Amino acid sequence: MSLKELIQEDEWLSQARMVNLGWIDFLLMPFNSTPDQSFTMDKIHLVPVKSVAIELKDSRHFVISTKHPHGKIAFKAINIGLKKLRSQHRIVQAFTQAGFFVSPDKVKILNLN
């Protein structure tokens, strides 16, 4: 995608305001779980480009210190919970419902290789 100019703004709310004011053309954000996948906050209303997505190669992590007095117990409990959630396919379901995972059958992923 050839861009005329790339603006770096670290604050997501500032990015949303810039799009809302027409100062920039678009921003990257997850699809919302609303029926039209739009995002609304105060006077800001953002709507995704229909049937288009960009895949971000990223992951979610959390850190548990096993040196903490309850760290080993917490680590074991988290892994038991994650194993159960994975076996029930609830992690993928949650990320899909939250708009982080989209199907290439439903949208055109611009950077799919």
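Pockets and packing

Author: The largest pocket has a volume of about 1100 Å³. A pocket is found on a 1 Å grid over the protein atoms alone, as an open set of points where a 1.4 Å probe fits, with protein on both sides within 12 Å along at least five of seven lines, and lining residues have an atom within 4 Å of a point. Grid points are joined across faces, edges and corners, and the volume is the space filled by probe spheres set on the points. Please keep in mind that this is a predicted model, where local features need pLDDT of at least 70 and side-chain atom pairs count only at pLDDT 80 or more, while totals for chains, interfaces and linings use all residues. Residues are numbered from 1 along each chain as its sequence is written, and side-chain values use heavy atoms, with hydrogens and water left out.

Reader: Okay, which residues are closest to the centre of the largest pocket?

Author: Its lining has 30 residues, and the closest to the centre are L28, M29, P30, F31 and I54. The elements that give two or more residues to this lining are α1 (12–20) and β3 (52–53); helices (H or I, at least four residues) and strands (E, at least two) are DSSP runs, numbered from the N terminus.

Reader: And what is the lining like by class?

Author: The lining of the largest pocket has 23 nonpolar, three polar and four charged residues. Here Ala, Val, Leu, Ile, Met, Phe, Trp, Tyr, Cys and Pro count as nonpolar, Asp, Glu, Lys and Arg as charged, and the others, Gly among them, as polar.

Reader: What about the second largest pocket, what volume does it have?

Author: Its volume is about 520 Å³, and of the 17 residues that line the second largest pocket, E5, L6, I7, I24 and F26 lie nearest its centre.

Reader: New topic: which residues make up the largest nonpolar core?

Author: That core has five residues, namely A16, L27, F39, I44 and L46. A nonpolar core is a set of buried Ala, Val, Leu, Ile, Met, Phe, Trp, Tyr and Cys residues joined through side-chain atoms within 4.5 Å, and buried means under 20% relative accessible area, with exposed over 50% and partly exposed in between (1.4 Å probe, protein chains only). Setting aside neighbours within four places in sequence, A16 is in contact with L27, I44 and L46, where contact means heavy atoms within 4.5 Å.

Reader: How many aromatic pairs are there?

Author: A search of the whole structure finds two. Rings of Phe, Tyr and Trp (its six-membered ring) pair if their centres lie within 6.5 Å, and planes under 30 degrees apart count as stacked, over 60 as edge-to-face and the rest as tilted. The ring centres of W12 and F39 are 4.9 Å apart and their planes stand at 85°, so this pair is edge-to-face. Because W12 lies in helix α1 and F39 in strand β1, the pair ties together parts that are 27 residues apart in sequence.

Reader: Are those two buried or partly exposed?

Author: W12 is partly exposed, with a relative accessible area of 30%, whereas F39 counts as buried at 16%. The other pair, F95 and F101, is stacked, at 5.1 Å centre to centre with 25° between the planes.

Reader: Last one: where is S38?

Author: S38 sits in the loop between α1 and β1 (39–41), and S38 is buried, with a relative accessible area of 6%. Apart from neighbours within four places in sequence, S38 is in contact with N32, H45, L46, V47 and P48.
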